[in-house]
Amino acid sequence: KMTQQMRDLQLAQARKPPGPSSPNAAKRLYRNLSGKFRVNYTSFDEGSLVGRGEKEKLRKSYLFQSNAALFEAVELQDLDRVQELLKQYSPEELDLNTPNSEGLLPLDIAIMTNNAPIARALLQAGAKESPHFVSLESRSLHLSTLVREAEQRVNELTAQVVNEAPNADCSEKEKQLKAWEWRYRLYKRMKAGFEHARVPDAPTNVHLSVASSSSVQVTFWEPLSVNSAVVTKYKVEWSCSPTFSPLLGEAVIDKLKNLHFTIRGLVSGTAYYVQVSAYNMKGWGPPQASVPPFAIPSNWREYDGRAPRRRGQAEALDHLLGQVKTVHQHCVCHEPCKNQPQSRKHSVSKSLKHLFHPGSKFLKTLKRGLYLTAIFYKDDNILVTHEDQIPVVEIDDTYSCLLMQDFLWFTKVSCMWDEILWLRQCVTVSQSSCSCILQTRFKMLLAISQMQGLLGIQDLGQVYFEPVKDKQGNILIVTLKEVKTNQTFESVRWVPICKLQTSRKSVSSPEEPTALDTLLISVQDKLAYHQRSSHALSPGLYLGYLKLCSAVDQIRVLVPEQLPNILCHVKIRSNPNISREEWEWLQKMASMEEPVPAEPEAETSQNHLFQELQVAIKELMTLVNIPLQEAKDFRLYSQEVLDFGGQVSFLLLLPPSDDVCTAPGQNNPYTPRSGFLTLPLQIFELGEE
């Protein structure tokens, strides 16, 4: 009956076609007999299992099957199956670190059979070695016991098969014999793997860098040797002495997905020596000293005691805005602002139609003028009015030429969507005396309020970096916002973007499309721009390239299309910190009259930065399509390191002074390849913020 139950358990897994019995059938059978997994199948009847008790037993049975399947996959060295199980179940569901009846964990079997790929997969999932093996002797004794007991079981079953007459029980014993013979060979292989293994070699490429004024970071690679057992953890040690006596501290790293460690709480200006050693089932290997051999916690600001550029700026701006609001509360112009109807010259037909839709102020068609449109999107859907039109409101129907100053002012207003009512009160203009610029900006604020009221939301999103224009004199200012929650809007509904593009009938010719048609055709490009503008760089130190070009009314900056909120750049290294020693070396480079600096001494942080900069400059010049020989006249911006949130920092590479900004009509011999665009400098500054 017990054998039948185990057969049913194997069939429930349903992962292999019918064939010879798995050698692990006997394993699970004898796990049950060992007592740990024993179940008294006659102690209950099936009808008594109801409700939660039955579900809990089924859940435990299901998880037991997944645990057994993992052991079987590791023993059979089935890497694909191991990865599939690790992806399908959590470590807790797999009981990844619970020993089986033989006192083994999946990781023990993988490392003692020297299966490095499976061992690495288990380690990255959080697998541990069995806590039973407290010493080399205990592991050796345990393996010898497993081999001896398996050999004894094989001999017993062999005698039973030879002496018994052929029958059903004999056939079952033959299957058990084959399973135990396979297990005997597995244990012998594990024992041989342990006996032939040796302690690991030292880790390679142990690199030490300064992470901050109170921390250093060490990175390293696995040992080069592939003949030793799998490394399961590393140890980082640090000291103020090159002999590491006395030790100041140590840390064991058993999460091997990323081989690095940051030592924190150090004293600025003090030299710290670091070494790293590796561990496998045979013990700790020899330590490897870092390169450079020591590091001194510091930051580039310590070179001249410079304070962070943005320290207190946000608080100061908030305080200033509060003062301005306080002053305007006592100003004559501070009166409740009513939505004044815009002076629109409606035709009789439009006026009659408007009477039947008094609540709808969205426009369906454009005439010569300035308009505001808001694009809200979620996945592949976009918000449209009930007339299947992107929401559009009028700013000024007498405005045929949008001045860049007005557009840039509008982009700044987009940082204060919640303050539009207050801004309107501040910009209230009298009908008798006001400038045209003030009138236009007041109408912009009215249009924003109208859009906010019609949609029922304050935040209209980010302003697209350039208006959409057509030859009929229409100008569209476009805002973009991604909706990530189930948000309710008024007077609009969601439709798929592709459906909107295919169903809308154009009223213009392909040669001269209207601004609305142009917007609809290019909406995916604008959404892609908006999404890329919110992407953040991974932590690290970057080399940026500053290139400007000027026009009559604006200055534009070169940026990559994939990250339009960041200058053209390449990554120098993962550590964003520039130490005091590195910055001092950069200052010496900047002050040299000769353009070719002397290479710093080997095995120093300055030398590593020098090599990293050489690689980064070559990569950056290739990226922006500038011949490397032209870069000899370029220079590093040596006034400061640009810090962004403490996790990202930039060194700037500048062209010669006369070439930083290309003037109108000036020929630029080196045009970047595709994948770049130029943004108005003020738009770029807002995006960078």
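Mentor: Let's start at R573, which is buried, with a relative accessible area of 11%. Buried here means under 20% relative accessible area, exposed means over 50%, and partly exposed is what falls in between, using a 1.4 Å probe and protein chains only. Before going on, keep in mind that this is a predicted model, where local features need pLDDT of at least 70 and side-chain atom pairs count only at pLDDT 80 or more, while totals for chains, interfaces and linings use all residues. Numbering runs from 1 along each chain as its sequence is written, and side-chain values use heavy atoms, with hydrogens and water left out.

Back to our arginine. The side chains of R573 and E612 meet in a salt bridge, 3.4 Å from N to O. R573 sits in strand β19 (residues 568-573) and E612 in helix α19 (residues 605-623), so this pair ties together parts that are 39 residues apart in sequence. E582 comes into it too: salt bridges that share partners join R573, E582 and E612 into one network. For the labels, helices (H or I, at least four residues) and strands (E, at least two) are DSSP runs numbered from the N terminus. A salt bridge is a side-chain nitrogen of Lys or Arg within 4 Å of a carboxyl oxygen of Asp or Glu. The idea behind it is that side chains of opposite charge can pair when their charged atoms come close.

K481 pairs with D459, their closest N and O atoms being 3.2 Å apart. K481 lies in strand β14 (residues 474-482) and D459 in the loop between α14 and β12 (462-463), so the link spans parts that are 22 residues apart in sequence. K481 counts as buried at 18% relative accessibility, whereas D459, at 31%, counts as partly exposed. E156 and R153 make a local pair instead: both are in helix α8 (residues 136-163), three residues apart, about one turn of the helix. Their closest N and O atoms are 3.1 Å apart. R153 counts as buried at 19%, and E156 as partly exposed at 33%.

Now for S298, in the loop between β8 (288-295) and α10 (313-329). S298 is buried, with a relative accessible area of 2%. Leaving out residues up to four places away in sequence, S298 touches V210, S212, S213, N577, I578, S579, R580 and E581. Contact means heavy atoms within 4.5 Å.

Setting aside neighbours within four places in sequence, T440 is in contact with Y399 and D406.

Zooming out, the chain has 20 helices and 24 strands, and buried residues make up 44% of its 689 residues. Among contacts with a separation of 6 or more, residues 24 or more positions apart account for 73%.
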